[in-house]
Amino acid sequence: MITINYVLPDVKEKYALYLENSVLNASPNTQDENADATVSIQRKTLNELMTGAVAMQDAISDGSITFEGDKEKFLETMGMLDNLGQYFGFNIVTP
């Protein structure tokens, strides 16, 4: 199991993410004291990552994302996620 804590200090939110048996679960308003890594990120930066406005490596390089613990576990977890954006450019019903 991989456990990642997320801290969004600007909006005072905390989450614990658990990846086990290819299932990712999120628990809001909690932190796991035995997490592999803790990631601190502003909500604006997270939104930009999700929309593709900024690349993960750029946000890490410029310090927008900071880590405590095993950064490689976080990167490993992110590498397991699918890019669903590739499926949003097709017509469901065509005339």
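Trainee: Which element gives the most to the lining of the largest pocket?

Mentor: This is a predicted model, in which local features need pLDDT of at least 70 and side-chain atom pairs 80 or more, whereas totals for chains, interfaces and linings use all residues. Numbering starts from 1 along each chain as its sequence is written, and side-chain values rest on heavy atoms, without hydrogens and water. At least two lining residues come from each of β1 (2–8), β2 (13–20), β4 (37–41), α1 (43–51) and α3 (71–80), helices (H or I, at least four residues) and strands (E, at least two) being DSSP runs numbered from the N terminus. With 5 residues, the element that gives the most is α1.

Trainee: Which residues lie closest to the centre of that pocket?

Mentor: A pocket is an open set of points on a 1 Å grid over the protein atoms alone, where a 1.4 Å probe fits, with protein on both sides within 12 Å along at least five of seven lines; lining residues have an atom within 4 Å of a point. Of the 20 residues lining the largest pocket, the closest to its centre are Y6, L46, M50, M78 and L81.

Trainee: How do the rings of F67 and F74 pair, stacked, tilted or edge-to-face?

Mentor: Rings of Phe, Tyr and Trp (its six-membered ring) pair if their centres lie within 6.5 Å, and planes under 30 degrees apart count as stacked, over 60 as edge-to-face and the rest as tilted. Y6 and F74 are edge-to-face, at 6.3 Å and 70 degrees. The centres of F67 and F74 are 5.1 Å apart and their planes at 55 degrees, so this pair is tilted.
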